Each structure stands twice: as C-alpha cells, then as structure tokens.
Amino acid sequence: MTEHIISLNSYDPVEIFGVYNEKIDAVKPFFPKLKIIARGNEIKVIGSTKEIEFFDAQFKSILQYTKRYQTLSVQSIQDILSAGERNESMHAHENPHNEILFFGNNGKAIKARTPNQKKLVKKQSANDLLFAVGPAGTGKTYTAVALAVRALRNKEVQRIILCRPAVEADEKLGFLPGDMREKLNPYLQPLYDALLDMMHPKKLQELIQDNIIQIAPLAYMRGRTLDNAFVILDEAQNATLNQLKMFLTRMGEHAKFIVTGDVTQIDLPDKNRSGLVKVLELCKNVKGIDMIYFENKDVVRHKLVSKIIEIFERKEKNNI
C-alpha cells in the first residue's frame, strides 16, 4: 500500500472539501479502492500506486477547474470525474469523443447527454456535412452550436456562422417593431440563447462585433463562399429545395456544415415546398455526408415534452 499527500496551500479547503465534506464525499465513490482522508488543508490518499496516480491526475483536473472558474459544485465534480472515469476505461488519449465538450459560461459542463447527441459529436469529426433531424427539444441545435464553439476554441475554424430561414411561424414579422434587423433578432434568439450558455455575454458580443460569430437569415448566405468556418443551418424544414441547394453550395475549404430540422414543424404556407426531406433522400449514401435521426427519447426539456410530441404524432397519424 502506498500513501500520498496532496497539499491545498493555494486553495480554500472549504471550497474544495465542501461544507461537512460534501464535495470530497462526492469524489470517494469514483475511487472505491482508495482510502481518501480530508484533513486541514491536505488530502491523504492510501492505496495502490496505479490507483493513486489516476486519482492524482483526476484531482488535478478538479483543482484546475476551481482555479479557472473560482467555483466548484458537486455536479461539476461528478461531471469531471465521470469524464475521467470513461477516458481511463477507453484510453482517453485515443478517444476524441468525450461527452464533455468543454466548460461553458459560469463553468457549466457542455456535453452530449443522449445517445443521438453523442452520435452527432462522434460523426462530425468524420464528416464535413451532417444532417440532424428530429423532434423539438432533442438538443439538435444546442449540440451543433456546442461543436461549433469547441471548434472555434480549438482553432479548427476561424469563424462560426449560424443561420435560419426567415419564415414566420403563424405570426407576421411585419407587425414587429423596428427595422428588419430588429424584426429578425427575436426569430434568431434561440441561437443567441445557446451561445450565451457557452460563453460570457461580453465575449460573445466581441466575437459578433468582429464577425467571428455571425448570426443571420438564410437569405444572407447567397453569393458567399464559406471557408474555414463552422456553419449551422437551423430550422431547415422551412427552407425550400432551391434554398437548401444555395446553402449547401456555399461550402468552402476547411468548412464544417450541420443542418438541423424537424419535418413535423414546417411553417411554410405550402408545406410541400419544404426541401429538407428531398435533400435527405438526395444526399443519402454520399461519402462525407451523414445523417442522425433524433427521437422522442432524446428530448432533454421538461419530461412532458416527449409526451406532448407523442400526442401530436398520434393526431397526425389518425388525421384528428
């Protein structure tokens, strides 16, 4: 048996251990073969050399997180150690598909939570064009935006471009106050919401002002060639076949495209004009293009959302 001491001289022990040691108690289940004792400003770990080395590496991740975000919660500890536990069993240096993509605003763990979200994360590294299709609330757009932010952070791309077709969902933009940009901003708000989860508002504003992150209606893509960019088309069910052709042919060198949509929520006056189903058929089995079909089980909103989706699906099938 080996004994190892970790000193917390640079940290507030209460922040690391928690009140009544609740945080250190959250650590212990991840290392059942070790005896972990928190006392004063030190942690004593007793066990095999291999187990202690793994513990030391994982605990350093917790300390780095605390130093970076000046906060530490039990949930954050569990997220960090869950990721480390999976990586150990799968040889992390060979596994690029860790569920935690990065830590976002206020240290929130941004990660894939459902089977199809994880599939989207995995497949984007092997494909330059992905289609993510399925019901509302399944995290299609959120996961796509997270992948774009990660690519920008890792300097894999130089900019992020997020767009939507400017189609009114049973409401008329003309009645909204302001100029065209002000009219469109509420429509594009879901994209801002996702980004604000992932970065500080001031940093986001700076990136938008510098055109490193661009959020715009689909029509603004016409005539552009998008190089070194991560590009997301959201709500693609509201784009016509010609619009989708225009969008997809904007792809330039070193670009990644993700198209998200829900074919059950078409807001076009003539639903038959939606081009998404046709494009999915046309692009099937093309190398470099892949498709992920999200399901009700992927819903990450309130537990009633998946039930509501099922109710409306039954309605459509029975023509109620």
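This is a predicted model: local features need pLDDT of at least 70, side-chain atom pairs count only at pLDDT 80 or more; totals for chains, interfaces and linings use all residues.

Biologist: Is Lys-256 buried or exposed?

Modeller: Lys-256 counts as buried because its relative accessibility is 17%, and buried means under 20%. Asp-128, at 41%, is partly exposed.

Biologist: What is the general idea behind such pairs?

Modeller: Side chains of opposite charge can pair when their charged atoms come close. Here, a second case is the salt bridge between the side chains of Lys-111 and Asp-79, at 2.9 Å from N to O. Lys-111 lies in strand S5 (residues 109-111) and Asp-79 in helix H4 (residues 74-90), so the pair links distant parts of the chain, 32 residues apart. Asp-79 is buried, with a relative accessible area of 8%.

Biologist: Which side chain meets Asp-290 in a salt bridge?

Modeller: That of Lys-123 does, at 3.2 Å from N to O. Asp-290 is in strand S11 (residues 289-293) and Lys-123 in helix H5 (residues 115-124), distant parts of the chain 167 residues apart. Asp-290 is partly exposed at 22% relative accessibility, and Lys-123 is partly exposed at 24%.

Biologist: How many salt bridges does the structure hold?

Modeller: The structure holds ten. Salt bridges also link Arg-164, Asp-234 and Glu-235 in a network.

Key: Residues are numbered from 1 along each chain as its sequence is written. Side-chain values use heavy atoms; hydrogens and water are left out. A salt bridge is a side-chain nitrogen of Lys or Arg within 4 Å of a carboxyl oxygen of Asp or Glu. Helices (H or I, at least four residues) and strands (E, at least two) are DSSP runs, numbered from the N terminus. Buried means under 20% relative accessible area, exposed over 50%, partly exposed in between (1.4 Å probe, protein chains only).
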